[in-house]
Amino acid sequence: MTELIKNFGAVAAQVFVLFILIAIGFICGKTKLINDSISKGLSDLVLYFATPAVIINSFLRPFDKAMFMKLMIAFAISIVFHLVSGVIAYTLLKNKDNDAKIVSRFGVIFSNAGYMALPLQLAILGNDGVFLGSAYVVIFNIALWTYGLVLFGGKETKITATKIIFNPGVIAITVGMIIFLLGIGASLPSPIRSAVGHVGNLNTPVPMIIIGYYLSKSKIITAITDKRIWLPIISRLVISPAICLALLFLLQQTPFAIENKIAVSCIVAVSAPCAAVTTVFSAKWGRDTALSVKLVSLSTLLSIITMPLYVALAQQIL
């Protein structure tokens with residue numbers, strides 16, 4: 001129990017840092033230092049430059065066959081975790097309102113694996129955490145641009161290879177993987193490595209500030225009283241990570257036990273709050289945008305408690 005409390009405290013301290021950054025974004029929103037236009041520009045900066053840079057930076061290392069195998073295991077776990085979240089969403093969420101059902105299911109299946117998970121993985125596991133966590137981001141992006149499009153746009157939505165392949169997350173890990181497999185990461189010119197590192201450093205503060213800005217626009221009291229949001233939030237923050245943690249624990253009792261760092265990295269991703277893109281997709285397809293904002297904002301606030309708990313449990317029992 002003492003070790004669990006210690007682990008919880010360590011992770012909570014890192015999450016608290018993120019919370020301070022979120023608070024800065026909240027203040028910037030309330031004082032009008034940031035508006036919708038600036039927020040969109042910052043979001044694009046993170047999406048197209050900061051997140052890819054932090055992923056690529058984690059691959060700037062000498063080729064290591066053992067780490068490559070760990071990455072493949074992380075890919076497999078990430079697929080399973082997305083499937084688990086999908087089963088939970090379709091089993092528990094059966095709203096009569098179709099728009100609310102779509103938004104709620106999407107919020108349960110897709111966690112904020114880029115904005116919230118990568119900074120925390122970097123903080124508690126270092127570059128190895130981001131290296132392994134990038135697997136979850138890739139599976140997230142593939143699912144987002146296939147299943148996510150069909151969920152919001154309907155069965156008539158066209159899914160193309162271009163949408164799947166040419167998105168920032170998949171491109172970043174492809175570039176990173178090529179560098180890693182060729183073993184040239186450590187030999188790249190110092191200015192290039194430094195530039196990638198500096199841009200990647202934006203992936204922690206900027207996304208948190210953006211989240212804080214959106215929180216400043218949402219009415220938390222109204223969100224709390226909306227009965228529709230609680231089952232999706234509990235499913236996203238409690239049920240999904242609990243089942244995934246249980247599966248990993250059972251796997252640890254077999255000859256196929258997963259290394260702690262891989263397991264913790266994946267638990268960080270699956271315990272993250274509803275993805276910010278929930279609101280983006282809701283607005284794009286004219287679904288219940290108000291509900292999506294409530295899901296993202298309140299789940300983000302509550303994850304400050306639940307994420308450290310699950311990560312501490314993973315560090316303790318896996």
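A: The answer below begins with the salt bridges and then turns to other places in the chain.

This is a predicted model, in which local features need pLDDT of at least 70 and side-chain atom pairs count only at pLDDT 80 or more, while totals for chains, interfaces and linings use all residues. Residues are numbered from 1 along each chain as its sequence is written, and side-chain values use heavy atoms, with hydrogens and water left out.

The structure holds 9 salt bridges (a side-chain nitrogen of Lys or Arg within 4 Å of a carboxyl oxygen of Asp or Glu). One of these salt bridges joins aspartate 226 to arginine 228, with 2.9 Å from N to O. Aspartate 226 counts as buried because its relative accessible area is 10%, whereas arginine 228 is partly exposed at 31%. Here buried means under 20% relative accessible area, exposed means over 50%, and partly exposed lies in between, with a 1.4 Å probe and protein chains only.

Arginine 228 also forms a salt bridge with aspartate 288, whose closest N and O atoms are 2.9 Å apart. Aspartate 288 sits in the loop between helix 14 (277-284) and helix 15, and arginine 228 in the loop between helix 11 (220-224) and helix 12 (230-252), so this pair ties together parts that are 60 residues apart in sequence. The helices are DSSP runs of H or I with at least four residues, numbered from the N terminus. Aspartate 288 is buried, with a relative accessible area of 17%. Through shared partners, salt bridges join Asp226, Arg228, Asp288 and Lys294 into one network.

Another salt bridge is formed by lysine 261 and aspartate 128, with 3.3 Å between the closest N and O atoms. This pair links distant parts of the chain, since lysine 261 is in helix 13 (residues 260-270) and aspartate 128 is in helix 6, 133 residues apart. Lysine 261 is partly exposed at 27% relative accessible area, and aspartate 128 is partly exposed at 21%.

Helix 15, which spans residues 289-317, contains serine 297. Serine 297 counts as buried because its relative accessibility is 4%. Its side chain reaches the backbone oxygen of valine 293 at 2.7 Å. This is a polar contact, meaning a pair of N or O atoms within 3.5 Å; within protein, one must be able to donate a hydrogen and the other to accept it, and residues adjacent in sequence count only if both atoms are side-chain atoms. Not counting residues up to four places away in sequence, serine 297 touches Leu215, Ser218 and Ile220, where contact means heavy atoms within 4.5 Å.

The largest nonpolar core has 93 residues, and Phe81 and Ile267 touch the most other members. Helix 6 (residues 127-153) gives the most to this core, with 14 residues. Such a core is a set of buried Ala, Val, Leu, Ile, Met, Phe, Trp, Tyr and Cys residues joined through side-chain atoms within 4.5 Å. With neighbours within four places in sequence set aside, phenylalanine 81 is in contact with Tyr136, Cys244, Leu248, Cys266, Ile267 and Val270.

Helix 9 (residues 190-201) holds valine 196, which counts as buried at 19% relative accessibility. Valine 196 and proline 52 are 144 residues apart in sequence, with 9.2 Å from C-alpha to C-alpha. Beyond neighbours within four places in sequence, valine 196 is in contact with Ala53, Ile56, Asn57 and Leu60.

Two loop residues remain. Asparagine 95 is placed in the loop between helix 3 (65-92) and helix 4 (98-109). Its C-alpha atom is separated by 33 Å from that of valine 46, 49 residues away along the chain. Lysine 32 lies in the loop between helix 1 (2-30) and helix 2. Its phi is near 70 degrees, a positive value in a residue other than glycine. Lysine 32 is exposed, with a relative accessible area of 69%.
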